[in-house]
Amino acid sequence: MGHLKLQAVTKTFGNVEVIRATDLTIEEGEFVVFVGPSGCGKSTMLRMIAGLEEISSGTIAIDGRVVNDIAPVERGIAMVFQSYALYPHMTVFENIAFPLRVAKLAKGEVDQRVRRAAELLKLSDRLEYKPGELSGGQRQRVAIGRAIVREPSVFLFDEPLSNLDAALRSEMRVELSRLHASLGNTMIYVTHDQIEAMTMATKIVVLRAGRVEQVGSPLELFHKPANRFVAGFIGNPTMNFIAAEGISSSAEGATVRLSTGLELKLPVNGSIESGEALELGIRPDDLVLGGADAQIEMTPEVVERLGNQSVVHGITKTDQPLCAVIGGDRPISPGRPTRLGFDVAKAHLFRNDGTALERRVDLQSLVAD
Amino acid sequence: MKQSVLDAPVRKNLIFVLPGLLLYSAFVLGPILAAIYLSFTEWNGIARPDFIGFSNYLSLLTDSNFVTALKNNALLMVFYCLLPLFIGMAFASIVRSLKGREQMAIRTLLFMPYIMPSAVLGIVWHWLYNPAFGPINQILKSVGLGAIALPWLGDFNFALPSVGMVATWYYCGFCMVIFLTGLQRLDPSIFEAARADGAGAAYTFRRITLPLLLPEIRIVLLLTIIASIKSFDLIFTMTRGGPANSTLVPNIYMYQLGFQLNRYGYAAAVAIVGAILIFTVNYIVHRFVRPADGGSR
Ligand SMILES: Nc1ncnc2c1ncn2[C@@H]1O[C@H](COP(=O)(O)OP(=O)(O)O)[C@@H](O)[C@H]1O
Ligand SMILES: [Mg+2]
């Protein structure tokens, strides 16, 4: 239970198309994260799956049953809202029990289910409190408890952690992953935070302006972004983009000339034209101090020292901004020109329209031990 | 630390409060104290007041006019408090579901009566209710309902409800606005959560909206109860307490006693009883209509 299929789903508000035709299949037991910048339609997508928002065209099927015209409660979903949406006048117990009371379950059954959920979420000693007396993390767990007791086949989360502080957020990320492992239900999770997406998802759906940009596992998105947008969105700090010009392509890859004058041969698939405007992408973590295949000179402007590593923001001679993450023990200081290098196999190459030339990376070898 | 003039001792700062305090004493506190004193006297407005202790209050207990006035006032509370409460809440939920300009227009229309002086409205409604040429009866007659075209304000049974309906009309826009702000205060996703959990409209209203609007319900009750006990201008301009005392309320009675019969001491006692009533009823509302959410357990 918990298989989901979206076919050509669209949504328009007035005459604004907020979700463009979207096809998506979500397998049972997956932890799918919709990620994208604010306003790209993540919540709308989730609310259409929940049935809180009607879809303008297309079909949504849950477990093989088309649910377009079926009320939320009959879809077998449960939703956790960003603002928690707890009932402030009810105790924690009553909040969690609410869906069961609506469903008119027997008293004993309600009691048993609520206590089981409370135990799972470590809320047993808070059952008689009101939401106003709980911490943010506890409120979030109550909201999750209210979803759990319904025993839905699909859980929907709309930015559930964005109201928590950083420490609590990373704690809750682990708890949510643990919850997913223990319940095994399908979970659909919406966030604008790519770290949440990378850490929790088994499958990430990247959205931009109502369009699915790429669907894939976290590592697939990280190592083989389909386009410049995904490459820039996934990964922190953001990937560096350097203008380049195509020279030639062969079986070994594409040869390009960077705006800094450097000529490189990158191991990517697909052919390029001579003179084609391209863009090279290199992640800040893949830039190293000193020599490597390719070298760029940079003058650091700001050095953020995090201890274990330093984030260096600087500029090249050709006024190309550049960011690098280097070991925290390496000598670097603002104003002193530094030589950075990178391995050409780590570089990404994008065409003028943003699409990526496929990199030759074996994803299997990345996860195997 | 920087010293402000306000850091001076309290008695020095009193100077800032003094102008307000003087005005308050002259126009509010003084008259209240004077009224309390007068209520223990017999006074015709010219001679010296004679102190007679609790006699005025004792006479009130057996004064059939006063008892009538209290009964009428109790009935008026239905029109001043309960009807506006329910109608206002219904309006609020309807208006909330409207969008943009329509909402604005309807909200303004419904609130309009409240911004007019009620004495003016009394005169307008007195004319609307006019048995011979008032529009209400004209319309009733023109649609063939001449049989129920009553002399509304002149009928012993209908005068009080007729006046009451005007009060309802006057206050329900006000109540609606209060409830609208109350609904805006609530997190909309609460209602979505309830919907996702399968709660129907009635269930959601009973278990969620109503309890969460208790603070607004309390305010509405407090304000309309005060208004109902203080009611004077609407009634004065429409019926002057008649016919045959059928719309007599304590404040009208007080007016008659004081300014028509020159029994100022007795009239003051009526006023004091009215004030005590306001305090009592408000205390009861305060005590028993409690917000159910948050804070202390
Ligand atoms: N009820 C609505 N009416 C009109 N426009 C809406 C409505 N809900 C959302 N939108 C628009 O749809 C777009 C996507 O919104 P949303 O799904 O909330 O984005 P997010 O990805 O931040 O969750 C936004 O541009 C928003 O303005
Ligand atoms: Mg959102």
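A polar contact here is a pair of N or O atoms within 3.5 Å; within protein, one must be able to donate a hydrogen and the other to accept it, and residues adjacent in sequence count only if both atoms are side-chain atoms. With that in hand, look at Thr44(A), which has a polar side-chain atom 2.5 Å from an oxygen atom of ligand 1. This is a predicted model, where local features need pLDDT of at least 70, side-chain atom pairs count only at pLDDT 80 or more, and totals for chains, interfaces and linings use all residues. Residues are numbered from 1 along each chain as its sequence is written, chains are lettered from A and ligands numbered from 1 in the order in which they are written, and side-chain values use heavy atoms, leaving out hydrogens and water.

Let's stay with the ligand. The residues around ligand 1 include Phe13(A), Val18(A), Lys42(A) and Thr44(A), each with a heavy atom within 4 Å of the ligand.

Now for the strands (DSSP runs of E, at least two residues, numbered from the N terminus). In chain A, E1 (residues 4-13) and E2 (residues 16-26) run antiparallel, joined by seven bridges; strands pair if DSSP finds at least two bridges between them. Across this pairing, Ile19(A) in E2(A) is opposite Lys11(A). The two strands form a hairpin with two residues between them, and Gly14(A) in the turn has a positive phi of about 60°.

Notes: Helices (H or I, at least four residues) and strands (E, at least two) are DSSP runs, numbered from the N terminus.
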